Amino acid sequence: MRISLRGLTKRFGAALAVDGLSLDVRPGELVSLVGGSGCGKTTTLRMIAGFERPDAGQILFDDRVVNGVPPRRRNVGIVFQSYALFPTMTVADNIAFGLRVAHWPEPKLRARVAEMVALTHLGGLEGRYANQLSGGQQQRVALARALARRPEVLLLDEPLSALDAKIRLRLRGELRRIQQDLGITAVYVTHDQEEALSIADRIAVMRAGRIEQIGGPEEIYARPQTEFVADFVGISNLLACRVVSAANGVVDWEGERLRVPLAPGADGAVIVSIRPEKLSVGTDAAADRNRLQGVLEVVTFLGPFVRLEVTVHGRPFWVDVPTERATALERRKPLTLAFVPADCVVLPEGAPAVP
Amino acid sequence: MAPPPWCYCTNVTSSTRTAGGVLVLLVTFVLWPVLKVLWLSVAGAAGLTLANYEAFFSSSRLARILVNSLAVATVSTALTVLIALVLAYAVTRTTIPGKRFVSLMALLPLISPPFLVSLAFILLFGRNGLVTHGLGLDWSIYGFTGIVVAQIFTFLPPAYILLANVLGNMDAALEEAAENLGAGPLTTLRRVTLSLARPGLASAALIVFILCMTDFGNPILIGGRYNVPATEIYSQVIGMNDFASASTMSVILIVPCLLAYVLNTYWVGSRSYVTVTAGARAAVRPTPPALRWPLTVVAAGFALFTAVIYALIPLGSLVRLWGSDWSLSLKHYTFASTAEGPWPIWNSVKLAVLAGLIGTVLALLTAYVIERKRPPGARVLESLGLLPAALPGTVIGVGYILAFNVPPLLLTGTVWILVTSVVFWKFPVAVLAAINALKQIDPAVEEAAVSLGAGSVRTFVRVVLPLLTGTAFSIFVYFFINGMVTVSAVIFLIFPGFNLGSVAILNQVENGYPGVACALGTLILVIVIGAVLLLRALVGGDRVAILKV
């Protein structure tokens, strides 16, 4: 099923939670809404589920407007951040709840519960209560319960945020596998941009009730369109520059001339974004590189690579280099950073990014 | 650097000494009186005997009294918990208007003498009652009906608070999940919301049952000829000076109460569902109109009726002669019907302040020793401190007379017997509140103080106590209110020249001066509400909470 949001707006008192948001989720697609707290991502999800009524705009399932349809008639499965498992019921009764409410005949119901238990690897736990399950198991029960009624849409509200890092990674993969196997349209809310990049077909980066940019993971990462997206997704070194020559692609940053890919006719202030892995350390002689002289401050070991903090003109730069090439580096010593102009992304100067 | 070993040694000895002191106090003022009662009930001229118990159960009148109280407590409990459930649900899980008012009215009995409700019902439905007299009915509320109705309004707060906590802390996502899975409002209510409240309901029922079984004020005022053990114990001590029978009946009364207490603590207590987890939200789903309006009518009706009941007390104090002369007058405030005048109220204030100060210090100290120092036998301390929750006030009263009318602890005839009875009878709620407050404080805060070189005393005074000020004031208010309004234990312990306001109200009703009783009741209400508001103003708003029973 296709979900279409058309100019959705929601206010809570004076606060504008969602501001004229439009979005299409294609059948079988997983779209992630990602943003900081208060950006309106959960409110959007709750409007799709029917728990909040939009003040303006339309929600369409395929071509049907569902604005006035109460939550229990939307046939939408939802996994809550707190899981919201019924503590008075066993795992099996939790999964069967929606089926009982819909008066499924008992044999069919039992078969469906068994199917869901198998799908979510909960075998042997059917008789347990929520407080006898680990966090990861509770999460899978919540998913099984949401999917049991064969909903046409699956909504996930920070489904992994309460879990340990390792389990989170494993369940992320499992969630994605189940969603793709079932071919169910899904909306996935998270504040964790890395999680969004890894699980979603497309990512909608939200800010102040609007979608700042929407696109596939590679697109969002490699070609951010605003300073906010460049800063929020992954790690970026953002330089506030001034255009010197649009024709030659030259900007000025703190008195340094840098060559970057500029659009013809660019003028005034721009932001240049460089990912840490696009910066290299050393004095290799290739002529097409930009070079900056800095001082190494901190070296952080991160397994396959190390992250350096290098100060250039009083501003810290993040630089990722392979671990085996970092052995010769010494703190407090000057070094040269180099980067290829094509690896820079030039953004219009925008409002300051929300941390 | 680690603190030197002797540092730990001084800690151990000083906390052991404190624990010992608390133990001595609890044994003296909780266990000893109960043992005296138990002993007297089985002491015969020639050693131990069960003769008193045989006499009790062979007397159909006395056995009847026990059946009476079980019947009254069962009916009162069922109705109280049902009403509390409806009100708690309406206030915490729906979007009805006027929730604050309903909540306020449900909690009002917490700060009033327990039998003011009875007095109000007598003004409405008594022999000269507004309704009965006005309609010329040949019926009055005295007896079973009166006790049940009065107990519902008196003992609603603990049940209401408990259920409002259970329902109010429920993760709203649970109801949303049910709705998302296709359940309608009634299915959600039945299958999710109420099934979560089941342990809370059991707990509320057991607590209210104990309160109804041990209730003294309502039965003696509105019970008429319907006797219950609490009032029978009183008349045997005061009327016949028969302490052996009174002790026997006390022990018999303790049994069902202790049973209910143990059930609640060890059985129900282990069954509550914790539903608040990370990401839980408290917001409430909009209530469908079919549910919203009936609930609004019931809740608002109840709240308004409670308001009327409490308005009747000041009103009754201003009417010249209730039932016949409705003109307004201040003559009841001259207290001409009693030689004591309004002075019993002043004695009540003295008792309340002393009980407040001493009780607060002891409760905090006991809680600190139990929760943080964990000396050997901490469980014993805790059990002793909480035991009075299962003890009827009348038993405390009888026990204190038996225990403290002989040296070395000759307390009868002094204000101290009243103070200790209030402090230790009301100890459980205060200690639990302090323990819970301590549990909220990360022990690492104290460890930090110790690691920085602070000793045990300095840590408590400089670090722990400032974090407990809100709790301390709440506990003070709790003891203060109980000092002002309690009647069942202190009625045995007052002495000539030192009557108390709450007991004076009873005297005035018995002597046929309901107007004067209302005047005394009004004064007590004003003092209690005034003191709570004053403390809140001094300490700052919400830091002073009214503790539940």
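Predicted model: local features only at pLDDT ≥ 70, side-chain atom pairs only at ≥ 80, totals over all residues.
Okay, some housekeeping. Local features need pLDDT of at least 70 and side-chain atom pairs count only at pLDDT 80 or more, while totals for chains, interfaces and linings use all residues; side-chain values use heavy atoms, with hydrogens and water left out. Residues are numbered from 1 along each chain as its sequence is written, and chains are lettered from A and ligands numbered from 1 in the order in which they are written.

So, chain A overall. We have eight helices and 20 strands, taken as DSSP runs numbered from the N terminus (H or I, at least four residues, for helices; E, at least two, for strands). The C-alpha atoms fill a box of roughly 75 × 45 × 35 Å along the principal axes. Of the 355 residues, 51% count as buried, and by that I mean under 20% relative accessible area, with exposed over 50% and partly exposed in between (1.4 Å probe, protein chains only). As for contacts (heavy atoms within 4.5 Å), take those between residues at least 6 apart in sequence: 65% of them join residues at least 24 apart.

Now to my main item, strand E7 of chain A, residues 153-157. How many of its residues are buried? Five of five, so the strand is mostly covered. Val153(A), Leu155(A) and Asp157(A) point one way, and Leu154(A) and Leu156(A) point the other.

Who are the neighbours? E7(A) pairs in the parallel sense with strand E6 of chain A, residues 76-79, over four bridges; strands pair here if DSSP finds at least two bridges between them. Five bridges join E7(A) to strand E8 of chain A, residues 185-190, again parallel. Leu156(A) shows up in both pairings: Val79(A) has it as bridge partner, and it stands opposite Tyr188(A) in E8(A).

Then there's the connection. E7(A), helix H5 (residues 165-182) of chain A and E8(A) make a right-handed β-α-β unit; right-handed means that, with the strands pointing away from the viewer, the path from the first strand over the helix to the second runs clockwise.

Next, the loops. Most residues other than glycine have a negative phi. Which way does phi go at Glu158(A), positive or negative? Positive, about 45 degrees. Glu158(A) sits in the loop between E7 and H5 of chain A, and its 8% relative accessibility makes it buried. Tyr83(A), also not a glycine, has a positive phi of about 70 degrees. Tyr83(A) belongs to the loop between E6 and helix H2 (91-101) of chain A, and at 5% relative accessibility it counts as buried.

There's an antiparallel sheet to show as well. It's open, four strands, in the order E2-E1-E4-E5 (chain A). Strand E2 (15-25) and strand E5 (64-65) are the edges, each pairing on one side only. Inside it, strand E1 (residues 3-12) and strand E4 (residues 56-61) of chain A share five bridges, with Arg6(A) partnered by Gln58(A).

Last stop, chain B. Helix H23 (residues 501-510) has eight of its 10 residues buried, so it is largely enclosed by the rest of the structure. Its cover includes helix H15 (343-373) and helix H24 (514-539) of chain B. Just after H23(B), Gly512(B) takes a positive phi of about 85 degrees.
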